[in-house]
Amino acid sequence: TFNFPYNGTFYWNYRASDRASNYAFNNTNFTITYDAVPPSNVSFTSPTPGDNSNLSQSNIPVNVTATDALLSISAIRIYLFNSSSLVNNTNTTNSALLNFTGLADGTYTINTTANDTVGNQNLTGSTRTITLDTTASIVNLSAPPNNTIITLPSQTFNASFTDNIGLTNATFYIWNSSSSLNYTTTVTIT
């Protein structure tokens, strides 16, 4: 029994000796690789959207790479979850460029893992959260009513806003009758 001191490739052989001091080795050394280290550098690369991205599209392109110091990558697993369940589980080797299409609006999480050829697993991988939102916000103008005529130079304007995912801001614009922009202001919505 031999305890390997570190991960790496080693060569081994036996020598047999007889009582007359004749000895011999096997004709060739054998090779053994000790690898107890999981793949490293499991990472997203372009064109994968950044973590916490908000996109107005119905697809998520994903590109994942992984490396192993001693052996080859046997599998990269890409898991796509929506807010309630696993949507897709894809296995590939060494690098993976996928495009998940036809996705509904919502928040998705992508998780990756990798295995090397002896079964060492990197289960921590990388994770990204991406929100897809192809539905425009709804704006309802409420005051003043359409075609209002005023006699004072000051007027308060009101509207309500809704969105299926969430709002970030609302911008008020006012133009004159020749379509020249007279005023704009943005309000942050939390």
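Phe-157 counts as partly exposed because its relative accessible area is 38%, where buried means under 20% relative accessible area, exposed over 50% and partly exposed in between, computed with a 1.4 Å probe and protein chains only. The model is predicted, so that local features need pLDDT of at least 70 and side-chain atom pairs count only at pLDDT 80 or more, while totals for chains, interfaces and linings use all residues. Residues are numbered from 1 along each chain as its sequence is written, and side-chain values use heavy atoms, with hydrogens and water left out.

**Aromatic pairs**

The structure holds 10 aromatic pairs, a pair being two rings of Phe, Tyr or Trp (its six-membered ring) with centres within 6.5 Å, counted as stacked when the planes are under 30 degrees apart, as edge-to-face when over 60, and as tilted for the rest. One of the pairs joins Trp-12 and Tyr-14, which are edge-to-face with 6.2 Å from centre to centre and 90° between the planes. Trp-12 counts as partly exposed because its relative accessibility is 39%, whereas Tyr-14, at 66%, is exposed.

The rings of Phe-157 and Phe-172 have centres 4.9 Å apart and planes at 35°, so this pair is tilted. The pair links distant parts of the chain, 15 residues apart: Phe-157 lies in the loop between strand E14 (138-143) and strand E15 (158-162), and Phe-172 lies in strand E16 (residues 169-175); helices (H or I, at least four residues) and strands (E, at least two) are DSSP runs, numbered from the N terminus. Phe-172 is likewise partly exposed, with a relative accessible area of 26%. Elsewhere, Phe-2, Phe-4, Tyr-6, Phe-10 and Tyr-34 form one aromatic cluster.

**Surface patch and nonpolar core**

Trp-12 and Tyr-14 also belong, with Phe-30 and Ile-32, to a nonpolar surface patch of about 460 Å². Patches are made of residues with over 30% relative accessible area and no salt bridge, with like charges joined within 9 Å and nonpolar side chains (Val, Leu, Ile, Met, Phe, Trp, Tyr) within 5 Å; a salt bridge is a side-chain nitrogen of Lys or Arg within 4 Å of a carboxyl oxygen of Asp or Glu. Tyr-14 is placed in the loop between strand E1 (8-12) and strand E2 (15-17).

The largest nonpolar core has 18 residues, among which Ile-60, Val-62, Ile-78 and Ile-110 touch the most other members; such a core is a set of buried Ala, Val, Leu, Ile, Met, Phe, Trp, Tyr and Cys residues joined through side-chain atoms within 4.5 Å. At least two residues of this core come from each of strands E5 (40-45), E7 (60-67), E8 (73-81), E10 (95-100), E11 (106-116) and E13 (127-132). Leaving aside neighbours within four places in sequence, Ile-78 is in contact with residues including Val-62, Val-64, Ala-96, Leu-98, Phe-100 and Ile-110, as well as Asn-88, Asn-89 and Thr-90, contact meaning heavy atoms within 4.5 Å.

Val-87 lies in strand E9 (residues 86-92) and counts as partly exposed because its relative accessibility is 37%. Not counting residues up to four places away in sequence, Val-87 touches Leu-80, Phe-81, Asn-82, Leu-103 and Tyr-108.

Asp-163 is located in the loop between E15 and E16. With the same exclusion of residues up to four places away in sequence, Asp-163 touches Asp-133, Thr-135, Ala-136 and Ser-137. Asp-163 and Asp-133 are 30 residues apart in sequence and 9.4 Å apart in space, C-alpha to C-alpha.

**Backbone features in loops**

| Feature | Residues | Angle |
|---|---|---|
| cis peptide bond | Ser-46 to Pro-47 | omega near 15° |
| cis peptide bond | Ala-143 to Pro-144 | omega about -5° |
| positive phi, not glycine | Ser-21 | phi near 70° |
| positive phi, not glycine | Ser-179 | phi about 70° |

Pro-47 is found in the loop between E5 and strand E6 (53-55), and Pro-144 in the loop between E14 and E15. Ser-21 lies in the loop between E2 and strand E3 (23-25) and is exposed, with a relative accessible area of 58%. Ser-179 is found in the loop between E16 and strand E17 (181-188) and is exposed, with a relative accessible area of 59%.

Methods
Accessible areas come from the Shrake-Rupley method with a 1.4 Å probe; for residues, only the protein chains shown count as cover.
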